[in-house]
Structure formats: C-alpha cells, structure tokens
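Hi,

Here is the model I said I would pass on.

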Amino acid sequence: MCGIAGFCNLRGEFTKERNKWERLLARMNKVQKRRGPDDEGIFLSSHCGLAHVRLAIIDLLTGHQPMKKKTGGRTWTIVYNGEIYNMKELRRELQSEGAVFETESDTEVILTGYILHGETYIKKMNGIFAVAIWDEGEDTLYLFRDRLGIKPLFYTFLDNTLIFSSEIKGLLEYPGVKPQVDKEGLCEILALGPAKTYGKGVFRNIKEVLPGHRIRFSKDSLEEQAYWKLESRPHEDSYEKTVEKTAWLVEDAVKKQMLSDIPISTFLSGGVDSSLVTAICAKELKKQGKILNTFSFDFKDNRKYFKANDFQPSEDRPWVDKMVNYSQTNHHYLECDNMELIDYLFQAVDARDLPCMADVESSLLYFCSKVVDYNKVTLTGECADEIFGGYPWFHKQEAFQTEAFPWSSSMEPRKVLLSDDVIQELHLEEYAKQAYEMTIDETPCLEGEDAVERRRREIAYLNLRWFMVTLLDRMDRTSMYNGLEARVPLADHRIVEYIWNVPWQMKCPDGIVKGLLREAGAGKLPDEVLWRRKSPYPKTYHPEYEALLGQRLQEVLADPGAPVRKILDTGKVKKFIESPSDYGKPWYGQLMAGPQMLAYMLQVNYWMETYGVELV
C-alpha cells in the first residue's frame, strides 16, 4: 500500500520552474508519508508531476515508484496505491504476449497491461487500487479507482490544473486549494456524517473519483466514466450450487489476498466473518510450517461494565478464545483505555481529514498502531454484513416502511445539540432525503421483482454505496496512518457480483442471518462459532469515558474562539450531558449513540480548528 499524488496542466510548463514544482511534490509526499514509510519518489515533466510514498509489501527491492516504461519512442509513467491479487496470472498472460518485465511488482504489471491494451485493461485486475498513469504520447492523464472504493482517490481542478491525491491533505498542499466548507459541506458533516456522499470530498470544490470509475484528462476535456457497475439478473443456481460457489469464492479470495513477501496476520473478533478468514489463513500457513498471528480488540474493564443490548448481545473474548484454540494461532489481545480512546479521537481526524466515526474509529486507529509492531499486512472480515445481509435493518420492518437511510432513519438525534439557527438554515432533512433518493434512483433493479424484493435490493444497494464505504474508509485511514496494510477479502468484487443476485431466501434461509455465508463456512469453523449470533465491533461501556467526553466538550465550549460554537447550542449540550445515555438507540449504525455524539462534536471542533476550515 502507498500514497499517491500529483498534478497535470496540459497548457503549462512545469519544467521552467522545476525546483518549485519538485518541492511541491515533495511536500505532497511528506503529508502522506505515514501511508508509505519505506520509500518515496517524484516525477516531473512539462505537463505532469507525480508523487509516491511506498509501504513495501511485494517486490521489496525493485518496486520503486514513480515507475516509467519506454517503448517505441513513447513514455508512460505510473504511480499506484493498492494490491493486485491476480498479479501472477496477469503477468504470465502479458509475458505470453511478448512483454518483458524488469521487476516483480504488480505496478509494472498494471503499466505493461495499459501499454499493450489501453485503459480497458483495468477490467482484468482483481484487487484494490488507486492508479494514475501519465501517457506522454497521448498527452493524457488517467486516474482509476477500484470497483468498490476500497482505496481512496481525491481530486480538484484549479486554473486548468487537475490535482489529485490519496488523501485530502495532499490536495491542500497545492497553492490556492483552500479548506473551505459551504452549506453543502456542513450538511455532509451534520446530516450524513460520518458517511459522505460518494464522489464528494466535503471541502468546497474537492471531489472523489467514484468507485469503479476512471477519469481521462486531455487537452480536449476532463471525462469521468464507469468501467464497472453492479448488474441485476436472475439467479439460476440451486441452493446447493449457490453454497458451493460461495464457499469457493470466499476461500479463493482469502487465499489470493494472502499474497505478500512479508508475514501476514488477521484481525479476529470471534464472529463468523473474521473467524472464517482466520481459519482459511491459518490452514494455508500451517501447510508451510508457519503460525498465523491474530489480533483481537477490547477495552479496559469492559467485562465489568459491558451492557448487552439488541445490537451487541455478547462479549467477544470467549469466542476469540475458541477460535485461537481451534486454529492454533499466535494470538494477541489488545486493550484500549479511556484516555487513549479520547486522545486518538483527534489523530483519527488527522488520518481521515474529516470528522469520522468518533471512538469507533479512534479505537481502531489505536489498535492498528499496536498491530504494526508485529505485522505490516493483515486480513479482516470487513464487509460481510453489507454483502450478505447481516445488519438488523435488512430484517426489520421499519427499514422497509421508512424512506430514509436505514442506519440513520431519524434526523432528530443529530439535531439535539445544534443551535436553532443552524437547524433552520441548513435544512438537514431535505439534504439527507435528496442523497437517499439519488441512490434509490440508481439502484439496479430486476424486472419482475415484487415490491418487497425490490425494496430489499434498495437496502442492499444503500449499504454498498454508503455504509460499507464509510467502514472501508475507516479501515484504510486507520491502518495506513500506521503503515499497516489491511485487506478485505470478503469485498472481492466477484463475491459482491455473485451475492448481489442471490435471492433473499438463499442469503437468509429460514430467517438465519447470513445463513448462506455460514453454510459456505461449514467444516471450516467450530459449529458454535459458525452459528454465533452477530455482535458488532466492540465499544466501551465505561461510565468514566462518557464523563470525560462531557467534560472535554464543555471545556471546548467555554472557549469563545472554539469553532464549534458556531454550530452548537451550549444550553442543549449541558442538558444532553446531564441526561442518561441510551446505548440501545444509535444515531448512526449500531455503535454510535449518546457518547459518540459528544465525541463526534469534539472531532468537528478539532477538524475546523486544525484544518483552518473557512465557512463560506
């Protein structure tokens, strides 16, 4: 994994002030250095500058970027962030066509494939990626992003110049790109956050390359086009065949994503998703005489303060123990205390460049900082719930009857701390409704489906486009901020394409949540783990944590210069802090309830202050 950045002006001449523009590329590298602590490089030509920082996972010695190839008098240059899991097969195919390789890297495979086959070669790649290719012969810059948006890629356009970066902070290094936020951006933060509209960067004039899209920037135009999208079609496999194919796809995806020249690890919560990934990895490594490193996360004194509820029915520790004994892994139990959880709230903003999932994000950031002491590559069970229908809103009647995001169906909890002026001016409900309806209108429905199945498909599509991407952003930034590569094999696009068209009665047979995935995992896990009731990512229930959050937010509001005072009502905040929390009624997803609202507002204030956000 890596960080990329650059700029392109087809009417400019960067080499006339080479030192100036090379220093800028170096600064763009510096602010993203945590994504790639092992190496860095820059490239500058008349019309294009490229920057790259590298986390070395494959081809440790010869994978330096930017990478350049010359053929027949033409030159192509690439910077790339990601992993191509079918790299070996693609390499063999290209060699059969006469390609000669100088490195063992997937970077050279991508560039060679583009040279021989053009931009459509991207469709052959199975992996996670953000790619920039400067085609000097065509005088054209291409930007590509993976199908599901697992790797980030932001851009903006200023004075005939296209500027791009893995993270927003890279764009803000470019002269004239300002951290401005208008009413639309505030609505993103307050009405949709910690999610955001796909394609938008919250900051004014900053955008995101859409998942499954490419941008082509030439003298004629800047053109964005989809190279991949989900398609709805009848599912013709029997249930038995569906289970068999799902089992094969899952196992193949995990094995492919074990590709690495350094040792791998897994996150292990004791749930079916991470346990399945762990069991497959451990078995494969055992064949090589190796033991898998695994990591689980919890909070100090959580056994004492844990409160079971509909969203979090049980603690993880006993289930982790079962899997460690079953798969014989080298396990590490990691814990976070209250002060670490609060302190990392602000580093999480630094990592994401935006307010994010409060302590749901800061805790993962802390845990990743500990994992990287042991391993630089890890596989996770992320995304199974969105793909296989594991969340409560796939099953509850309210989601079928409410025309709103099912993980955030009411705007009232979001407005509880806001000033009346902000509520009146921003029209948060209307903004969220428009965002929701945009996605509903895009949903690829199947002709002939009844109203219930159509609605179920809409809920699934909302999850893929919004909720899953938020969690993928969380995983990318928290891991890469620590120089850790986190892979998500259950989000292999082949799995997504296949499961998308599997009928609900097969995904959830006899009402069993994620029943298809469980059936596909038969024989790979202990039965009690395979059929364990879903329990999400852990959170702290320590009463001291919420008290500390309330104290911190009141201290912030006591400062007349605190940016968040423009948004919040101090009286409402005081009343909210003095009221008992309701952990069973989250305002975003399953984990963000009362304490997370306080934490989120602390993040909003830090973000506005640290990034010098100018409200326009």
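**What I found**

Strand S1 (residues 2-8) pairs with strand S3 (residues 48-54) in the antiparallel sense, with 7 bridges between them. One of the pairings to look for is Cys8, whose bridge partner in S3 is Cys48. Before you go further, please keep in mind that this is a predicted model.

S1 and S3 belong to an open sheet of 6 strands with antiparallel pairing, in the order S2-S3-S1-S9-S8-S11. The edges are strand S2 (39-44) and strand S11 (207-208); each has a single partner strand, so one side of each has no neighbour in the sheet. Helix H1 (residues 18-31) lies across S1, S2, S3 and strand S9 (161-165). Its direction is at about 145° to S2.

There is another open sheet of 6 strands, also antiparallel in its pairing, and here the order is S4-S5-S6-S7-S12-S13. Strand S4 (67-71) and strand S13 (222-226) are the edge strands, and because each has a single partner strand, one side of each is left without a neighbour in the sheet. From one strand to the next, the twist averages 20°. As a reminder, strands of a sheet pair through backbone hydrogen bonds, either parallel or antiparallel.

Inside that sheet, strand S5 (residues 74-84) and strand S6 (residues 127-135) run antiparallel and are joined by 9 bridges. Helix H3 (residues 106-117) lies across S4, S5, S6 and strand S7 (140-145), and runs at about 130° to S5.

Which residues of helix H9 (residues 317-327) are buried? They are Trp319, Val320, Met323, Val324 and Ser327. Looking down the axis of H9, these buried residues fall within an arc of 140°, so they line one face of the helix. What do they pack against? The partners are helix H7 (272-287), strand S15 (293-299), strand S16 (330-336) and helix H21 (527-530). Just after H9 comes Gln328, which takes a positive phi of about 55°.

Leaving out residues up to four places away in sequence, Thr266 touches Val277, Thr278, Cys281, Leu292, Asn293, Thr294, Phe295, Thr378 and Leu379.

**The whole chain**

Zooming out, the protein chain has 24 helices and 19 strands. The radius of gyration is 24 Å, close to the 25 Å that the globule rule gives for 616 residues, so the chain is as compact as a globular protein of that length. Along the principal axes, the C-alpha atoms fill a box of roughly 70 × 60 × 50 Å.

How much of the chain is buried? Buried residues make up 64% of the 616 residues. Among contacts with a separation of 6 or more, 73% come from residues 24 or more positions apart. The accessible surface of the chain comes to about 23900 Å², and 47% of that belongs to carbon and sulfur atoms.

Cheers

Notes. Residues are numbered from 1 along each chain as its sequence is written. This is a predicted model: local features need pLDDT of at least 70, side-chain atom pairs count only at pLDDT 80 or more; totals for chains, interfaces and linings use all residues. Side-chain values use heavy atoms; hydrogens and water are left out. Contact means heavy atoms within 4.5 Å. Buried means under 20% relative accessible area, exposed over 50%, partly exposed in between (1.4 Å probe, protein chains only). Helices (H or I, at least four residues) and strands (E, at least two) are DSSP runs, numbered from the N terminus. The arc is that of the directions from the helix axis to the C-beta atoms. Two strands pair if DSSP finds at least two bridges between them. Axes are lines fitted to C-alpha atoms, for helices over the stretch in contact, and angles run from 0 to 180 degrees between N-to-C directions. The radius of gyration is taken over C-alpha atoms; the globule rule is 2.2 Å times the number of residues to the power 0.38. Accessible areas come from the Shrake-Rupley method with a 1.4 Å probe; for residues, only the protein chains shown count as cover.
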